[in-house]
Amino acid sequence: MRRQVQCYGRFESQRSLPKVCRNIARTLASHFDVSIWSIDSPWVFPDRLPQTEELFRVGHMAAHRTKMYEGTQGAAIELRAKKDIPATFFGYPDQIMAGWMRYHLRRYPGFVCESMDLLQQWQQEANRHTAIWVPSQFCADVFKQGGVVVPIHVIHHGVESEFRPLGFVRRGPMTFLLLNTVGHFSYRKGILEGMRAFHDAFGNGEDVRLLLRSPADPAIETQHAALADERIVLQEPSMASLDAEQMNWLYNHVHYYFSPSRGEGFALPALESRAAGIPVLMTAWHGAKDHMQKGMDIEIPHSNSLCR
């Protein structure tokens, strides 16, 4: 008889965090009977979602979609019945809500962070569990230095099998791809700095292009207008509108993945682009350093300062 594992998280949409949650669940399903609690999120767009039952029809997984944050009595009763089943989760510590994992006697959540300074409430949440796992040595160091005393295990992410070289002959100008994958504009991603760096680095050269794919934001529009650089091409559609095959097609049609990010827990798009055969140009003091490849990737020089 296969052992049971309960997985909590946000599994729906094509953003990085749900993609990681799905891959974790699929991996566990090859060894355990996995039950899914997919928690609805304000970031989810129902009209773009595949049916949950189709999404999780893998191995021995059972999809169970519920609005856990409403704290229904039925959900609480069902969770109490699962106290002897180990539980896992992936996300930020402040995303664990009271009803999710507290009933389980053995809890092994996966946490990610992008800052060098761990919030006190994150440290307190991490120490409530049996052990935690993180996707990079950077995250492990931050949690340990932030006062987490439970065992910390580093488990690197993989990528979906759709990401692969397609053998295209890339024509036209040398193209850099700059992505914002979090569903809203974030200064952490270094979008504005990337636009300025591209403009300054290539002067009036006509054989280069920066493809920026990000939700619209006044800060981006203001920067774009100030630079007046037609080589910077803005594509507004959300990353949630592209599935893995479409993202792989996009990676295969550019020359470099460009990420001047200020902090990443792991940098999944960089790993996806590399799986597609595209070199990576990015800062790497953060979680991405675990999988940067010498001879293929280019590390952007950086300096760190603590901001409060």
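Colleague: Let's start with the overall picture. How many helices and strands are there in the protein?

Modeller: The protein has 10 helices and 13 strands. Of its 308 residues, 51% count as buried. The accessible surface comes to about 15,200 Å², and 53% of that belongs to carbon and sulfur atoms. Please keep in mind that this is a predicted model.

Colleague: What share of the contacts with a separation of 6 or more comes from residues 24 or more positions apart?

Modeller: That share is 61%.

Colleague: Now the sheet. In what order do the 6 strands of the open sheet come, and is the pairing parallel or antiparallel?

Modeller: The general idea is that strands of a sheet pair through backbone hydrogen bonds, either parallel or antiparallel. Here the order is E10-E9-E8-E11-E12-E13, and the pairing is parallel. At the edges you find strand E10 (232-235) and strand E13 (298-299), each of which pairs on one side only.

Colleague: Which residues can I click on to see E11 pair with its partners?

Modeller: Begin with E8 (residues 174-179), which pairs with E11 (residues 256-259) in the parallel sense over 2 bridges. Phe176 has Tyr256 of E11 as its bridge partner, and Leu177 stands opposite Tyr257 in E11. E11 also pairs with strand E12 (residues 280-282), in the parallel sense over 3 bridges. There, the bridge partner of Ser259 is Met282 in E12.

Colleague: Which helix packs on the sheet, touching E8, E9 and E11?

Modeller: That is helix H9 (residues 244-252), and its direction makes about 140° with that of E8.

Colleague: Let me pick Tyr251. Is Tyr251 buried or exposed?

Modeller: Tyr251 counts as buried because its relative accessibility is 1%, and the cut-off for buried is under 20%. Leaving aside neighbours within four places in sequence, Tyr251 has contacts that include Leu177, Leu179, Tyr257, Pro269 and Glu272. Tyr251 and Phe176 are 75 residues apart in sequence, with 9.8 Å between their C-alpha atoms.

Colleague: H10 was part of that cover. At what angle do H1 and H10 pack?

Modeller: Helix H1 (residues 16-29) and helix H10 (residues 268-275) pack at about 70°, with their axes 10 Å apart. The two helices are therefore roughly perpendicular to each other. H1 contributes Ser16, Lys19 and Val20 to the contact, while H10 contributes Leu268, Pro269 and Glu272. Sorted by class, the contact has 3 nonpolar, 1 polar and 2 charged residues.

Colleague: And backbone angles? Which residues have a positive phi although they are not glycine?

Modeller: As a general rule, most residues other than glycine have a negative phi. Two cases to look at here are Ala228, with a positive phi of about 50°, and Ala267, with a positive phi of about 70°. Ala228 lies in the loop between helix H8 (218-227) and E10, whereas Ala267 is in the loop between E11 and H10.

Colleague: Are Ala228 and Ala267 buried or exposed?

Modeller: Ala228 counts as exposed because its relative accessibility is 64%. Ala267, with a relative accessible area of 9%, is buried.

Colleague: One last stop, at strand E1. How many of the residues of E1 are buried?

Modeller: In E1 (residues 4-9), 5 of the 6 residues are buried, so the strand is largely enclosed by the rest of the structure. E1 runs parallel to strand E4 (residues 87-91), and 3 bridges join them. To find the pairing on screen, look for Cys7, which stands opposite Thr88 in E4.

Terms used
Residues numbered from 1 in each chain as written. Predicted model: local features only at pLDDT ≥ 70, side-chain atom pairs only at ≥ 80, totals over all residues. Heavy atoms only, no water. Pairing = 2+ DSSP bridges. Helix = DSSP H or I, 4+ residues; strand = E, 2+ residues; numbered from the N terminus. Contact = heavy atoms within 4.5 Å. Axes fitted to C-alpha atoms, helices over the stretch in contact; angles between N-to-C directions. Buried < 20%, exposed > 50% of the residue type's maximum accessible area, 1.4 Å probe, protein only. Areas by Shrake-Rupley, 256 points an atom, 1.4 Å probe, with all protein chains shown as cover. Parallel < 35°, antiparallel > 145°, perpendicular 65-115°, else oblique. Nonpolar A, V, L, I, M, F, W, Y, C, P; charged D, E, K, R; others polar.
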